[in-house]
Amino acid sequence: MTAFTGTARLTRLAIRRDRVKLLVWALAVPGVTAAVAQSVTALYGTEQDRVGYATASAASVVARAFNGPVSGPSLGSVVTAEAYTSLALLAALLSTFAVIRHTRQNEETGRAELLGSAVVGRHAPLAAALLSTVAANLLSGLLLVGALVANGLPVAGSLALAAAVAGIGISFAAVAAVTAQISGTARGANGMAAAAVGIAFLLRAAGDAWGDVSADGMRVSSAWPSWLSPLGWANQIQAFDANRWAVLALPAVFSVLAVATAFVLTAHRDHGAGLLEVARGPAQAPRGLLSSTGLAWRLQRGVLIGWAVGVLVMGFAMGSVGNELDGLVGENEAAAELMAQLGGTDELVDAFLGTMMAMFALAIGGFAVQSVLRLRAEESAGTLEGVLATAVSRPRWLLSHLLWTVLGTVGLLALAGASTGLGYGMVSGDVPDPVGRLTVAGLVQAPAALVVAAVVVLFFGLLPQFAVALSWSAFLLCVLLGQLGALLELPQAVLNVSPFTHLPAVPAADPTATPLVVLLLVAAALTGLGLVTFRRRDLAVG
């Protein structure tokens, strides 16, 4: 028997377990891209329209930071610019979740130990997880090529974009393979992998924002930070323009090295344990752990602190470029119009800051989902039974965790506003006013994020076995509606599915109480329903 014995069978098992998820994954990427391509064709059907778009995007630091560098005025380049961020993050996160689910999570739940009792090599589970994830990325890439070509785009550019997106997915599958060896828990491994995605996004955004605009004003040459990020490598391929195939060597080499590292680490750790040792606690536990609220804080604090650091850095960085918008856009009317559409006002700075607050609200909605899903993690691991065996009731336990979810969500949004205002205020010379205004703007976003958290509570109460998949799917739907809803010209009734659609565009507009109160009432109602259903069902361990 070799270290890879049983890999083929475990790969078939992984594909069988995830057949529905993999099918949705494979169809989601080309489906979103096809919808974007059709919308772009309708909106930018003429060469003049596309030249205006390329010029505006190249001049806008916000567009470069979030959509990546534009690669000319071709129809394919515009489609790439509009769809890239959603496709890249979708491929990266789905790949990390898939690898960790079939490695670290299997060890956590005991499935890996059961499989290990058969004729299975040491490296077979990790190899199977990687093979099934790579297959999903390749299938999705092939379907993406078909969707692009069906919309009249060149075959070469379609292949380049599909290879770029698949390269992102495979690169972060390799990253997840490493984090699964380092962390002793699936939650920790997912957190590390998500942090890697976030760092890659920040490097890519910084490199593209600092890039140089070409002489014709329609292309951007990225700065060096983009070349440190797998998300940046995909942009450097310049699909539908230069089609630089040689850049694909970067994700290929990175993936091989990361996978090799993961296999080496696998051989140097015990089954069920990570390379990072779990720190022993003090001999005498703090008195705070005697309460369910104190225990919930102990379980939630690490994630919250990590989010707070990321929000603080990102907010300050984005705020510090706000004062340069007028100079960056100059007299470019197309760029000014793009910024006005993004922020809902003709005031470029307010449009930019409003867009930042909306983006932070969506991102921090992800924290709300992650925080509430700690409930499901405690239940599936079996630790909840021990807590409920004491004098702690189900409602008290659930509300203890929700307390920190609510405080964390509100606190992160306030921090996002304050840090963005601080960054803007320090470069503009007026700190107190923007800090105050943007802190309020951040807090205005809280009701929508709390609705997302309440939806997760409802899924936890009604369908615990599917709570994780349903919760992240609901969050992803909100992200897609926020990023692509206006571009796809979806009906308002569809856009209204996302709670973020109902928020006033602060600071560009004055906050209004009615939608905020309604969203809070919806959040309270969904939370109450989730609490009632949780009280009436059996615990679902594993």
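**Conventions.** I worked on a predicted model in which local features need pLDDT of at least 70 and side-chain atom pairs count only at pLDDT 80 or more, while totals for chains, interfaces and linings use all residues. Residues are numbered from 1 along each chain as its sequence is written, and side-chain values use heavy atoms, with hydrogens and water left out.

**Entry 1: aromatic pairs.** I looked up ring pairs (Phe, Tyr and the six-membered ring of Trp, centres within 6.5 Å; planes under 30 degrees apart are stacked, over 60 edge-to-face, the rest tilted). I found 9 aromatic pairs in the structure. For burial I used relative accessible area (buried under 20%, exposed over 50%, partly exposed in between; 1.4 Å probe, protein chains only). W307 is partly exposed at 24%, whereas F367 is buried at 1%.

I then looked up W397 and F534, a tilted pair with 5.8 Å centre to centre and 40 degrees between the planes. W397 is in helix α19 (residues 394-428) and F534 in helix α24 (residues 513-536), so the pair ties together parts 137 residues apart in sequence. W397 is buried at 3% relative accessibility, and F534 is buried at 0%. I also noted that ring pairs join F97, W472 and F475 into a cluster.

**Entry 2: charges over rings.** I applied the rule for a charge over a ring (NZ of Lys or CZ of Arg within 6 Å of the ring centre and within 35 degrees of the ring normal). The charged end of R204 sits over the ring of F201, 5.1 Å from its centre. The charged end of R537 sits over the ring of F460, 4.9 Å from its centre.

**Entry 3: salt bridges.** With the rule of a side-chain nitrogen of Lys or Arg within 4 Å of a carboxyl oxygen of Asp or Glu, I recorded 10 salt bridges. R204 and D208 are 4 residues apart in helix α10 (residues 186-209), about one helical turn, and both are buried.

E47 and R50 form another salt bridge, the closest N and O atoms being 3.2 Å apart. E47 is partly exposed at 45%, whereas R50 is buried at 13%.

The bridge between R219 and D241 has an N to O distance of 3.3 Å. R219 lies in the loop between β1 (212-213) and β2 (220-221) and D241 in the loop between α11 and α12 (249-266), so this bridge ties together parts 22 residues apart in sequence. R219 is partly exposed at 27%, and D241 is partly exposed at 31%. Salt bridges with shared partners join R104, E107 and R269 into one network.

How values were computed
Helices (H or I, at least four residues) and strands (E, at least two) are DSSP runs, numbered from the N terminus.
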